[in-house]
Amino acid sequence: MAKCPADFDFFAADVIESPFEFYRVLREQAPVYLLPGTNIYMISRLDDIRQAAKDTATYSSDFLALLKGPEPSEEAARIYQDALEPVNTLLTLDPPRHKVYRSLINKVFSASRVEKMHDYIDQIANELIDGFIDRGECEFVEEFATALPVYVIADQLGVPRSDLRKIKAWSDAFASRLGGMATPEEEVENARLIVDYQQYMTRVVEDRRANPRDDMISDLANITIEDGRVLTMGEAVSMIEQLLVAGNETTTSAISGGLLLLIQLPGQWQALQDDPTLIDNAVEEILRLESPSAGLWRVVTRDTQIRGVDIPKGSMLMLRYAAGNRDEQVFDQPDHMDVCRRNADDHLAFGQGTHFCPGAMLARKEMQVAFTRLLQRLTNIRLADGKNDLSHWPNVVLRGLKSLHITFDKNASG
Ligand code: HEM
């Protein structure tokens, strides 16, 4: 019997793990769907998501309260007493105020800065591959896909490599809080890590104000806004936090999910080895299918309608980017990977409009460099026997593989 939306519980582990049938049923039967027992309307058609993302007056990004997660337990609340007062910047702010912060990010994240990073990202990718190539096997998520964006962003932010483990732990804690599915023990650990991050970054910002260097934190620490003032500590720390979280988990997931797709579809891997000029398009196709930022929240500011469905003021809207990116009205055979797909880059993996990802250029560059080097140096790549369950982190907003054990041969030129 054909399924209907009510047959799926969006928050259930099996649906989070494998949501694509649910997305298809939603697009077909209920493209504007009130998740039962909640005030969350999920939209799943690409055009609807595009329109809603542009309408910042009706669909506000002021969901800071959600980011903080559910009411913290007593122990977590005690830890949060030492935290900085939460400030709305970037992701959780609407125009016109959003522009104040966004223009700072655009300044420190210019196209020329990213273009100049090509050789340096390539060097990191090569060093990471050097670290495992002679073993003929590796745990790809940790040894490559996590390390690459963490190294890049840490270097850009000017955080020493000796602190890389901390950066990863902090960004995991932020991502877990954003996902809203942490256990009480994890919630306390997240609180500890978040306060630790804030205290660490406060010291770094203070240091860069006294001794500026050529890195992004120095730029952010010293840039002046509005009436010529520098950012408050809360503003600076919040913006750096967003660069860390938004940049790490997502890029890691795109690289590891992309490699899994290519392992499962050896014809696609071969096509790229035969013609590396297809890699840029393959990156778009991977972003479309993986959509690491699977969905994002908006707060509905006035009574409205989408496709004739009433949406009352005060509801939450979930822009389900991952569902829109498989919309059969836009993409032929949307669940199939095709590195030659003509309109692969019509996806919304980086969002749309005001909040369009400022790190998109950097993420694309990291993915292009990563896949170029992997294709060049590894061959006969496969899943390691008996070591993979290919499960994803339980998170309603971000999607990413937990681990990926692979074996491979060294390419003659590798
Ligand atoms: C494959 C990797 C990435 C994906 C899939 C991704 C996805 C997204 C999406 C969908 C949004 C829009 C959020 C919304 O609609 O509310 C966004 C915003 C953002 N992203 Fe990315 N991102 C990636 C990489 C990065 C990187 C590398 C950085 C920085 C180092 C970054 C920094 C940000 C920031 C700061 C925002 C908030 C922008 C604003 O609100 O104006 N992202 N990202």
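The model is predicted. Around the ligand there are 27 residues, and those that come nearest are His 98, Arg 102, Tyr 321, His 355 and Cys 357.

**Who surrounds the ligand**
- The shell around the ligand has 16 nonpolar, 9 polar and 2 charged residues.
- Three elements each supply at least two residues of this shell: the helices α6 (97-108) and α13 (233-264), and the strand β7 (296-300).
- With 6 residues, α13 gives the most to the shell.

- His 98 has a polar side-chain atom 2.7 Å from an oxygen atom of the ligand.
- A backbone N or O atom of Leu 90 lies 3.4 Å from a ligand oxygen atom.
- For Leu 91, a polar backbone atom is 3.2 Å from an oxygen atom of the ligand.

- Most residues other than glycine have a negative phi, and most peptide bonds are trans.
- Leu 90, however, has a positive phi, near 50°, and its place is in the loop between α5 and α6.
- Leu 90 counts as buried because its relative accessible area is 8%, under the 20% cut-off.
- Asn 380 also has a positive phi, of about 50°, and sits in strand β11 (residues 378-383).
- Asn 380 is partly exposed, with a relative accessible area of 41%.
- The peptide bond from Pro 95 to Pro 96 is cis, with omega near 0°.
- Pro 96 is found in the loop between α5 (74-80) and α6.

Note on methods: Residues are numbered from 1 along each chain as its sequence is written. This is a predicted model: local features need pLDDT of at least 70, side-chain atom pairs count only at pLDDT 80 or more; totals for chains, interfaces and linings use all residues. Side-chain values use heavy atoms; hydrogens and water are left out. A residue is near a molecule or strand if one of its heavy atoms lies within 4 Å of it. A polar contact is a pair of N or O atoms within 3.5 Å; within protein, one must be able to donate a hydrogen and the other to accept it, and residues adjacent in sequence count only if both atoms are side-chain atoms. Helices (H or I, at least four residues) and strands (E, at least two) are DSSP runs, numbered from the N terminus. Ala, Val, Leu, Ile, Met, Phe, Trp, Tyr, Cys and Pro count as nonpolar, Asp, Glu, Lys and Arg as charged, and the others, Gly among them, as polar. Buried means under 20% relative accessible area, exposed over 50%, partly exposed in between (1.4 Å probe, protein chains only).
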